[in-house]
Amino acid sequence: YAKSVRLGSQDLLTTGLQVEKGSAGGTIEIVLSTEGAMLEGSVTDHDGPAMGARIRVTPDPETRYNRVYARTTRTDQNGRFSMQIRPGKYQIVASMRHSGGGPLRRSDPQFISLTEREHKAIQLTIPAETR
């Protein structure tokens, strides 16, 4: 993953890069790392493990410059998921529909912070349908 992208003291992953005619030049420094973080967890609903639930992991706060780090996966037959992600702060939400359709149900968001080589496990619960 891109650990940092800088132009002088400017963090381009936070502010982006604006190129203008006549602006001063500089060197863009890109630092890559293989020391990502691991996020795993399980999702349940009122029936037990939530098979096939969609897990959405988004940077917190999400900006137009960091949204490329958002990730999506699905739970397995036991309601479990696992993914490698870039270290940082994230919001995680699980969602699913009943097999017969119906409204999309979502878990409450969870907020986490991960550092390089860190491994975290979370539990998400999707509420029963509201009437």
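Which residue in β2 does L7 stand opposite? L7 stands opposite Q10. Keep in mind that this is a predicted model, where local features need pLDDT of at least 70, side-chain atom pairs count only at pLDDT 80 or more, and totals for chains, interfaces and linings use all residues. Residues are numbered from 1 along each chain as its sequence is written, and side-chain values use heavy atoms, with hydrogens and water left out. Here's a tour, topic by topic.

**Strands and how they pair**

- Look for an open sheet of 3 strands, in the order β2-β1-β3, with antiparallel pairing. β2 (10-11) and β3 sit at its edges with a single partner strand each, so one side of each has no neighbour in the sheet.
- Strand β1 (residues 2-7) and β2 run antiparallel and are joined by 2 bridges. Two strands count as paired if DSSP finds at least two bridges between them.
- Elsewhere, strand β4 (residues 37-45) is antiparallel to β8, and 6 bridges join them. One place to look is M38, whose bridge partner in β8 is Q84.
- Strand β8 (residues 80-85) has two faces: F81, M83 and I85 make up the covered one, while R80, S82 and Q84 make up the uncovered one.

- A94 lies in strand β9 (residues 88-98). Its relative accessible area is 0%, so A94 is buried.
- A94 and T73 are 21 residues apart along the chain, and their C-alpha atoms are separated by 9.6 Å.
- G26 is in the loop between α1 (12-15) and β3. G26 counts as exposed because its relative accessibility is 58%.
- G26 and L7 are 19 residues apart along the chain, with 6.6 Å between their C-alpha atoms.

**Salt bridges**

- Side chains of opposite charge can pair when their charged atoms come close.
- The whole structure has 4 salt bridges. To count as one, a side-chain nitrogen of Lys or Arg must be within 4 Å of a carboxyl oxygen of Asp or Glu.
- E116 and K3 form a salt bridge, with their closest N and O atoms 3.2 Å apart. This pair links distant parts of the chain: E116 is in the loop between β11 (110-114) and β12 (119-125), K3 is in strand β1, and they are 113 residues apart.
- Both partners are partly exposed, E116 at 24% relative accessibility and K3 at 41%.
- R105 and D45 form another salt bridge, and their closest N and O atoms are 3.7 Å apart. R105 is in strand β10 and D45 in strand β4, so the pair ties together parts 60 residues apart in sequence. Both R105 and D45 are buried.
- E118 and K120 also meet in a salt bridge through their side chains (3.9 Å, N to O). E118 is partly exposed at 23% relative accessibility, and K120 is partly exposed at 26%.

**Patches on the surface**

- A patch is made of residues with over 30% relative accessible area and no salt bridge; like charges are joined within 9 Å, and nonpolar side chains (Val, Leu, Ile, Met, Phe, Trp, Tyr) within 5 Å. The areas come from the Shrake-Rupley method with a 1.4 Å probe, and for residues only the protein chains shown count as cover.
- Which residues gather in a patch of positive charge on the surface? They are R54, R56, R74, R97 and R106.
- R106 is in strand β10 (residues 101-106). R106 counts as exposed because its relative accessibility is 53%.
- There's a nonpolar surface patch too, of about 530 Å², made by L17, V19, I28, I30 and L32.
- I30, one of these residues, is found in strand β3 (residues 28-32). I30 counts as exposed, at 54% relative accessibility.
- I30 and E20 are 10 residues apart in sequence, and they are 21 Å apart in space, C-alpha to C-alpha.

Methods:
Lys, Arg positive; Asp, Glu negative; His and termini not counted. Charge placed at Lys NZ, Arg CZ, Asp CG, Glu CD. Helix = DSSP H or I, 4+ residues; strand = E, 2+ residues; numbered from the N terminus. Buried < 20%, exposed > 50% of the residue type's maximum accessible area, 1.4 Å probe, protein only.
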